[in-house]
Each structure stands twice: as structure tokens, then as C-alpha cells.
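Hi,

Here is the structure you asked about. Please open it alongside this note.

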Amino acid sequence: MVENKDIIKTKIFKINNMWHIDFNKLNWQLCDYGIGCNDRTFAFILHKMDYIKLLIDLDENNDNVKIIKEFIFEFLKPWWNTFKNDLLHSQAWHDHATAWRAINLIYLYKYLKNTDKENSKFIEIILTEHKNKLLDESFYSKLTNHGLDQSLALYQLAHLLKDLNAKNIAIQRINNEIRHAFCEDGGHKENSPGYLNYGLVQIFNVLNIAKDIDGVKSKITFPQDILQKAILALCFFIKPNKTMPLIGDTQLFVARDIIDNNYKDNKFYLNFLYSLSAGNKGMQPDSLDLFLPISGYSIFRETWEKNHFNNSMHIVFKSGYLSQYHRHDDDLNITIFYDNEDWLIDTGLYKHMEKDPYRKYFRSSDAHNVTRPIKSIVCRDIEKIYEYGNSKLYDYFSDGNISKVKGISYIHQGYENKRELIYNRQINSLLIHDICTPLNYDNSNEYITRFHIPNDKKIFVDNKENRVNIVGKHYTMSIEAKNFVGNIKIVTGQDRPKPLGYVSYKNGILEKCYTIEFVYTNHNIKLDQEFNIKFKKEVFIEINSLIENGILKASINTHIKSEDYQYAFYLLENKEKVEQRWYEKDNSVEFKTLLKQDKTYHIVGYIRDKHKNNIARKSQIVNLKTTNINNSNYIKRDVKGESKGGGRYIMHRAYFGLGGCLITMLGAWLLADKTGRELVLDWRGCRYGKENSFNALFDFPVFKHYSQVKEDIKSVFPEYFKDIMHIASKKNVNGIRMDMSSPKDIKNFKDYEKYDCIIISRDDSGIINNPKAMDLIKLLKVNKSIQKYIDSNSICFQKFKKVIGVHFRHGNGEKFVVPPKLSLYTDEINKYLVFNNLSKNDILLYLATDCKAVFDVFKTMYPNIKIFNDIGDYNPVLGGGAIHMEYMDSKTIDEQIEAARVALADMYLLAKTDFFIGGKSGYFVRFVSMLRSNLNTCIIDFERYYTDYNFNENYYPIENDLNLYQLFIDKNIPVDGIFIKIENNQKYIYYYYDLIAIFDMQYINGDNDKFEILISELIKRRFY
């Protein structure tokens, strides 16, 4: 309501910061309604018309009836004229949208009934058509949550229009629907905790409406015992952090008190309140477990004790097939929540577009924590499934400490799948026992088990011990597969050949997660496998060491931060202790012992808590060659940090923007470290400031330039550089790409010893996860003028609770790149706000973008926004890929260097933010991510190319249509991203993935109305 309070003024209705309905542009006759509506959920929201009720509710004192009435009828009358004779339109007359729209139109009818008889009569005509549509048995979605809302809408329409026959039909349907929706054990039949919550909301709504319409004589009733069991089930489903496991079509939401006041006078509500309030209100449930054998759930809780509530374990195990609606292939799935974080997750809804490949993935068994035959066919026919057998849970047992339950499923045709779960509360361990048996011995005996882990965890695979360790904030969860024969793999964010390793917390938003795959290779006919899951509180310790001018420095880092920790160090020389630093709060030390090249040194680090309990110990050898980053063995530096030379070099040649230059330089630097060669920079091909760029940006380290060493170089690798070393400003010389020489190509260094110089001009894709690269990047010391920029621009950071950094690049400097959607960013921002209990006024958005339209849109959404020095150099509409300055060749060297300083300052400022959202894992974003190290970072890896489009004679870029192409050129309309698809003797015009117009096959006249609409749709998208 708050974010749409200006809807009367702006005529824009915002939907979860994901879509906007711009009534200024709404055109019901266009395939996307003129507002870019190409999503099923968006269309559902558009046609159910909740904004009617919003508009009326904004007029609390009936002061704006005329204005609101004009606004509503501006879109309602064209809607009716468009769809009144098209009753089979799948979006306008969608089963669920029709029901909700009818209720909103009833609200409008009552608002105008006594003041506008003419329009009330018009609405009555529409309501009558809705009543007739909802009465139609072929339209009725029987025994589903949609069917319940349809029946409730029909009930209200029939009462309003005084149609007793229709009302009686509606009452009968409602009673059938609400009794069918819930099992006798209180579970909801539509396969998810989210729909249990929604189903209860529906029940209370139904009972209250029936009471308002028919009072005590109402014939609509619901069994009280089932209602109370449903409330108890919801109590158990709520995790200790007040959210629900993402089972089935559940999305991320914070649970709230949805129980109607008329139904709060019982202990089941008090149990629910206790769960919702983390033990601060209500009454503890009588049991730690809830077994729902009919609906197919078993929920185990470690404890209900208030003092341990937030950190307690919560387990959900399910197997049941009771409805086609919102059904996933998730029989025998399990989720685990512990210590206030998720460990085994389900992956959620994604979106209601059943043909979308990612939606297919989310519904498939690939997206759930189950064991399955790899080549099986899944049965999704609820009638046919019973021919194979019933999915269910059975044999539940608990003595308070040990809880057991078994499940069985036949959804994989020709196989019987069993899973037994044994939970030991005393040590918080689980045993999972999986048995998969083919019912026909001709069936394949290839199997796989998958577990899904949130991407905030660190995962370590031990194939020898058949164990996976998952490291969280305070605990490590181990999954050990006894007697497992096969391979353990980790998949995350895979798109091809099929999606894997994704989770969706919010509608339409993909996020990466880890999928652990146990792939069996023993091919036994029958699979019989146990998994032991245990939790251990432990500290992982890392020792970082650095030698500066012969002095050894060391520090201890842990994945768990605590102010109670104390740190101690030993330095061993040839295994004899030569120096000791006793326990202090300081986790770093500078040893006084002078190191000798002919000795072996070890650092031993210790951690203890404030009670002097030993927490962790680690010993690490000091490698004088590789640790000596700032010493003579690495780059032969004097006290000032200047390079003293040598005759054998690693040369970095730069061909990219600043981010690309820095990332590729790090790869070259690592190779120099590994080989003992001297690093030399050739930045003549850099866009910023040419050869002297690096030393103009960084005070340390100082590297030589190409011009200083070129006389020493007689032989180079790759050898094609030999005759073109003097050329540096072009990527392509004589048909040879100059920017493709990567460190990963240098595999056996002995093969390259004969070369004076090895040239590196491309990055190593693994550098972002290389700990040595992280050490190198910490050594960079920016120029004082840049540090001044950073300090002055970050002063305002302190005024806000959190600062969110955003890097949004419209393009890639290449016309073949698809720009990302703003909603991908706003969804991440808003999710961060929800998780951290922040309002939009609590945060500052620090934005780096190449597109002014992007800045303008963000400014409308978030009140506090900043860019570098609060000015921006943007293209008027589209960005060209360069965030900070577009036409470098037209600038002087000093201007180019100044632009580079601004760009570098922007990187360091983004690195200082509390949460960083980067657009695609490109060079700029990679460098910022490395500067941030372990800080909260999200990469929107969206960028796609024309090459993904599979062009053919009926689907091609606009350049292939000479007439239309020339028309665009004549009207000065950019043509990048414009595609044409020929279908049904018509031309479908796309801007990237959005359909913007449809034309007949004949020549398109640039002066007609449709072409003007096309231009409008195109410009709107370019302006976001």
C-alpha cells in the first residue's frame, strides 16, 4: 500500500518491485498489453485487478470519487470491450484471475452504487458475465485452491445479483472445496507449507464472508478438529527464523499471525503463537515431532525451549501425492535447518510457467534432496500413480531422544524407492537409509543422490573417505556415505545441458546453490545406501604469512569471528622453537628472528577462548620463495620498491578497460611469482593513460615498462609476438588475436625456459578463487590522490545503517550483449532489506553504471543514492559498456589517467560497501569481488549473446530484413537487439527477449500507428 500511495498521481502500480503496470501506456489489444507483460504471473496480477481495491481504499473519506472513477474506467471499459467476446482468452479469463477480479469488481460496485447509477449498471453487466463464467462446470477448477476462490467469488456474486440457484451451487462447491483441501491430519493437499498457510487464510476468509452474508444461518461450515490440526501443522512448519522450508511451490516469506480472532481460544493457536514468537508468547506444543501420515509429512524439532529456540534443529521429511496442483517430484525429500541457518534446502517455486526449462528443473527430482534412478520416467498422473503404489510415510516412532520414520514412493515408474530417517536429538545426528529397487529387472541400474546446500556455505569433498564437509557460521555438517562406490561432484549454477544448482526464494528470481551429487558407479541391481549426517562445532584456522625486508609477519584467520578469542604463535627453525608470542587479543604477529635461506621455518598458531579452553591449532611451513612476495627472491626490489631488473621477464600486455587490465595483470603477477621471473608491464594498449597508467594509479608496487626492457628481449612466447612487439594498441594484427595468451596455457615451465620473455594478455578464469592472488591484491597501494577520492566519497557511508554497492552495466561495449533486467537487482536489494530488517531509508545505494536511465529508475525506488562525486558521464539512453568514460581516444593522456583514477576509486568504494551486487562476473566485478574478499557479494550472471538465439530463415536479426532495417536507420532508431520471427504469415518484432510488435508480412509503413507504438515500446525498454 505504501509504495503505491502515489498511484493516482503517477498512474503506475508497482508489484513487489518486480513489475510495474504503467496505466499511461496500458493497451489491452497488444500482446504484451503495452507494458512488457510477457510473464504468466505478471499477466495474472494484471487481470485480477487488485489495484481497483487499492484505489478505492486510498479514498478513505470519499473526497476523490470522481478522479478515482475516471481512472478506473479508463482501463476497465477498454478491458471489457476487448475481452467480453473473447471468453476463451487464457489470460483475461484465467480461472483464478477471474475469481479475484470478480471480488474486486464487487468492491467497485458497492463503492459507486449509490452515487453513479449509470456506471453501476455497466459494472452489473460485467459481474453477470463473471457469474455465468464461474457457473460453467467446464471452467470450474474443481477441488483446488483456485476452485475454492472461484466458488467464493460465485457465492458473493450470486448473493449480490440475487441468484438463489447460483448461490446454492456456490455453497455446495465451497463446502466440497474446503473439506477436500485439507487432510484429516491437518495437512494441506497442495504439496507445500506455503499452501497450508494460504489454505488457512482461505478458510478464515470463507467463514467470515459466509457469516457476513448469511449470519448464523450460513450453510458453509468447516470441521473444527481439522482446523485446529491445520493450525498445529503450521506451527511445526515454521522454522526458528520464522520462514518456511521452500518445499513444493513455497516462496520465501516471514510467517505472521494469520489466525482469525474467532479461532484463537484453543491451545493449538497458543502453540502456533509460541512457534511464531520464538517462545516469547503462547504455549509450548506437547510434542517435539508432528507426524502427518495422510498428507505425508514428518516434522522433527530438536527442542521448544525458549533459550535454545533460535539455534535449534528443524527437520522436514515428506512423501505424498495428493494433488496435481503445485506438485513437485519431491517424494522422500528432506530439509534441515540448524543454528539459525539452512543446511539442506529445497529449491522453491521459481515461476508458474510450466514450459520454462528452469521451472521444469525446479519441479523435477533433480532439484530435491532425494535418491533416484537416473534414467527413469516420472509419473505425474495422480490417477495412474496408484497403479504403481502409494507415496506415503509410515512406521513413525519416537522415545523423545530418537525419532524414526520411513517413507516410500513409486513416482519413478518401474522402481520402488524407500527412505528411512533416524534422528538422534542428543547429538543432533541423522541417519538416512535409501533403498531403490527396480520392479522390472530390465530397468536401468544407474542411480544418483543429490543434496542441495545454500551458497553461503563452504564445501569440501573427501572422495577417499566418501565424505562431504559443509562449513557454516559456527558448525560443520558432514555427510558421510558408508561403503559408497562412485564419484562425488559439486554443481552450482549450471545452465547446460540442463539446469542444476539453483534455488528460487522469490518469484522469477534464480540464485545459485550447491548441488552435491553422489553418482553411483557399482551398478548393482538394487541400491542400498546409508548417509550419516553429523554436526560438529569447530574452528577452521588459516595462517597467512608475509616477508617484508627479511621480517616475517603472520596472522591467524578463522571462518568464525569472536571477540572472546586469544591468539598465540610459535616460530620454529628446523623444528626447534626460536620465538614465541603468548596469548593476546591481537591475531597478528611480527617475528624478530631474521630468516636464513638455508633453514626451514614453521609457524604454529593457537587459539583459545576467554576461559582458556583450547579452540584450534595449526602448523604451517614458511616457503621462503613463494611467501617472500616483497623480498628479493620475488621481484628483486630495493627499499623503495623499485624493480632492479634481470634479463628474463613475464610481460603483461593490456588490451582492456581498467578492470580487465588489473585482473589480467594479477594473473601475470602470479606467474612471475611462481617462476621467479621479473614482472614487466606493457600497458600501451590500455584505454586509460597508455604506458604510464599503472604507476599513475598505484604507489606500490612499482614495475618497469616495456620501453625500459625491450632491448633485453631477444626471444618471446607466444612466438607470434616476435615481429609485432612494437604494436600494442590493436587486439588484432595480421589476423592474430593479441589478447589471448593466458597463464593457464603455461603448464610445464621447463618447456619455456629458452624464452627471454613470456607475454600474458589474457586472464586466468580461476584467479578469483586463488588465495595467492588475494594476497597479491592486498599489497596494492593506491595513489594518494585516489585514496583522497575514496576517503571523501565514503564519509557519507557512516550516516546509514548499511551501504549497498551496485554495479550495473547496460552493455559490454559489444552490441551483441543482452542488457540485464533491473528487477534482478531490486529483488536482491529488497531481499537484503528483509533479511536485515531494514527500510529503504536505512540504506545508501552506491551506484556505478553506464546508463543514466538506470540511475533515474533506481532513484525513484530508493531515496538515498550516490554515484562518484555525485556526477555521472552517461550516454543519453544506452550505456556502451564503459562505466566511467566513453570516448577515451578523444581525451588527453592526463584526462585518461584521471578517468582511470575515478574508475579505481569507484572499485575501492564498492569494495567498502556492506553488500555488493555486480552485473555479470566481468573484469570490473571480479576485481571488486577480490578486494571484498569474504564480504557479502552477489553476482547477477545474466549476460547473454546473440549466439544463444539459434537463428534460421524464420528467425533473424533485423539486419537481414533490408526494408525494415533501412526504415530504422532512416528514423535514427538503434537496431542492436532487434530480432524478427516469422510465424503465421506475420512478423513478430522482438527487442532481445521481449515481443514489442506484430506486423503483417507486407512492407511496413513507417508512418502508421503500429510503428509509432513499436518505437514507444522500444524506447521504453531502453529507458528502463
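Confidence first. This is a predicted model. The mean pLDDT of the protein is 85. Of its residues, 89% reach 70 or more. Two stretches need care. Residues 626–646 have a pLDDT below 50. In the model, that stretch still has 60 contacts beyond near neighbours in sequence. Residues 943–948 are also below 50, with 24 contacts beyond near neighbours in sequence.

Next, helix H20. H20 covers residues 822–835. Its 14 residues, at 1.5 Å a residue, should span 20 Å, and the end C-alpha atoms are 20 Å apart, so the two values agree. H20 is mostly covered, with twelve of its 14 residues buried. Just after H20, Asn837 takes a positive phi of about 55 degrees.

Then helix H24, residues 962–970. Leu964, Leu967 and Phe968 are buried there. Viewed down the axis of H24, the buried residues fall within an arc of 100 degrees, so they line one face of the helix. What does the face turned away from the buried side carry? The exposed residues Leu962 and Asp970 sit there. Just after H24, Asn972 takes a positive phi of about 55 degrees.

Best wishes

Technical notes
Residues are numbered from 1 along each chain as its sequence is written. This is a predicted model: local features need pLDDT of at least 70, side-chain atom pairs count only at pLDDT 80 or more; totals for chains, interfaces and linings use all residues. Side-chain values use heavy atoms; hydrogens and water are left out. pLDDT is the predictor's confidence in each residue, from 0 to 100. Contact means heavy atoms within 4.5 Å. Helices (H or I, at least four residues) and strands (E, at least two) are DSSP runs, numbered from the N terminus. The expected span of a helix is 1.5 Å times one less than its number of residues. Buried means under 20% relative accessible area, exposed over 50%, partly exposed in between (1.4 Å probe, protein chains only). The arc is that of the directions from the helix axis to the C-beta atoms.
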